[in-house]
Amino acid sequence: MRIIFWLVLLAIIGGLAWIRLAPSDPAVWHVDPQVTADQDLASGVRRRLPGSETTLRALHGIILQTPRTEVVAGDPAEGRVTYVTRSLWMGFPDYTTIQLEDGSVEIYARLRFGQSDQGVNRARVLGWMNALNAQD
């Protein structure tokens with residue numbers, strides 16, 4: 001019975017370590033957001049707002065101020081950037097891609113693990129959009 005406890009505990013710790021340390025492959029996450037309309041999804045959110053390269057750069061600066069957020073791939077000068085933001089306690093990664101496309105900034109935020117993000121990505125993206133509007 002004791003060995004089962006330790007095996008279960010080891011499996012849980014291993015799973016949590018994988019979540020926190022799993023590599024972010026740009027080939028998988030740094031992709032076209034394909035935003036055709038604003039969408040709230042179980043796994044994330046898509047938003048499209050009017051903008052230019054200046055808007056993209058301003059949003060980039062706002063996103064980089066978000067705790068536990070870093071660039072996975074891209075640069076505003078390229079017209080597309082993908083970020084990973086990790087949750088505080090468990091380190092769950094959420095990926096956000098922003099892209100300048102035909103006079104609009106497309107935003108696609110999604111989770112990596114699980115079925116539902118419980119609205120976390122939507123709240124984060126709306127916070128960024130509010131901060132962007134406050135700069136105007």
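This is a predicted model: local features need pLDDT of at least 70, side-chain atom pairs count only at pLDDT 80 or more; totals for chains, interfaces and linings use all residues.
Biologist: In what pattern do the helices and strands follow one another along the sequence of the protein chain?
Modeller: The secondary structure comes to four helices and six strands. The C-alpha atoms fill a box of roughly 60 × 25 × 25 Å, taken along the principal axes. Read along the sequence, the elements of the protein chain give the pattern α-α-β-β-α-β-β-β-β-α.

Biologist: Of the contacts in the protein chain with a separation of 6 or more, what percentage is accounted for by residues 24 or more positions apart?
Modeller: The protein chain has 136 residues, of which 39% are buried. Among contacts with a separation of 6 or more, residues 24 or more positions apart account for 55%.

Biologist: About how much accessible area do the residues of the nonpolar surface patch that includes L16 have together?
Modeller: L16 is found in helix α1, residues 2-21. Its relative accessible area is 34%, so L16 is partly exposed. L16 belongs to a nonpolar patch on the surface whose other members include M1, I3, W89 and F92. Together, the residues of this patch have an accessible area of about 1200 Å².

Biologist: How many salt bridges does a search of the whole structure find?
Modeller: Side chains of opposite charge can pair when their charged atoms come close. For the whole structure, the number of salt bridges found by the search is five.

Biologist: How many residues apart in sequence are the parts that R122 and D40 tie together?
Modeller: R122 forms a salt bridge with D40, and their closest N and O atoms are 3.2 Å apart. R122 lies in helix α4 (residues 120-135) and D40 in strand β1 (residues 39-41), so the pair ties together parts whose separation in sequence is 82 residues.

Biologist: Is E106 buried or exposed?
Modeller: The side chains of R48 and E106 meet in a salt bridge of 2.9 Å, N to O. This pair links distant parts of the chain, with R48 in strand β2 and E106 in strand β6, 58 residues apart. R48 counts as partly exposed at 31% relative accessibility. For E106 the relative accessibility is 3%, so E106 counts as buried.

Biologist: By about how much of the helix are R57 and E53 separated?
Modeller: R57 has a relative accessibility of 41% and counts as partly exposed. E53, at 39%, likewise counts as partly exposed. Because R57 and E53 are four residues apart in helix α3 (residues 53-64), their separation is about one helical turn.

Biologist: Which residue makes a polar contact with the side chain of T85 through its own side chain?
Modeller: T85 lies in strand β4, residues 80-86. Its relative accessibility is 3%, so T85 counts as buried. With neighbours within four places in sequence left aside, the residues in contact with T85 include T66, P67, F92 and R124. The side-chain polar contact of T85, at 2.8 Å, is with T69.

Biologist: What is the relative accessible area of R68?
Modeller: Phi of R68 is near 60°, a positive value in a residue other than glycine. R68 is one of the residues in contact with T85. R68 counts as partly exposed because its relative accessible area is 44%.

Biologist: Is Q118 buried or exposed?
Modeller: Q118 has its place in the loop between β6 and α4. Its phi is near 60°, a positive value in a residue other than glycine. The relative accessibility of Q118 is 69%, so Q118 counts as exposed.

Key. Residues are numbered from 1 along each chain as its sequence is written. Side-chain values use heavy atoms; hydrogens and water are left out. Patches are made of residues with over 30% relative accessible area and no salt bridge: like charges are joined within 9 Å, nonpolar side chains (Val, Leu, Ile, Met, Phe, Trp, Tyr) within 5 Å. Accessible areas come from the Shrake-Rupley method with a 1.4 Å probe; for residues, only the protein chains shown count as cover. A salt bridge is a side-chain nitrogen of Lys or Arg within 4 Å of a carboxyl oxygen of Asp or Glu. Helices (H or I, at least four residues) and strands (E, at least two) are DSSP runs, numbered from the N terminus. Buried means under 20% relative accessible area, exposed over 50%, partly exposed in between (1.4 Å probe, protein chains only). A polar contact is a pair of N or O atoms within 3.5 Å; within protein, one must be able to donate a hydrogen and the other to accept it, and residues adjacent in sequence count only if both atoms are side-chain atoms. Contact means heavy atoms within 4.5 Å.
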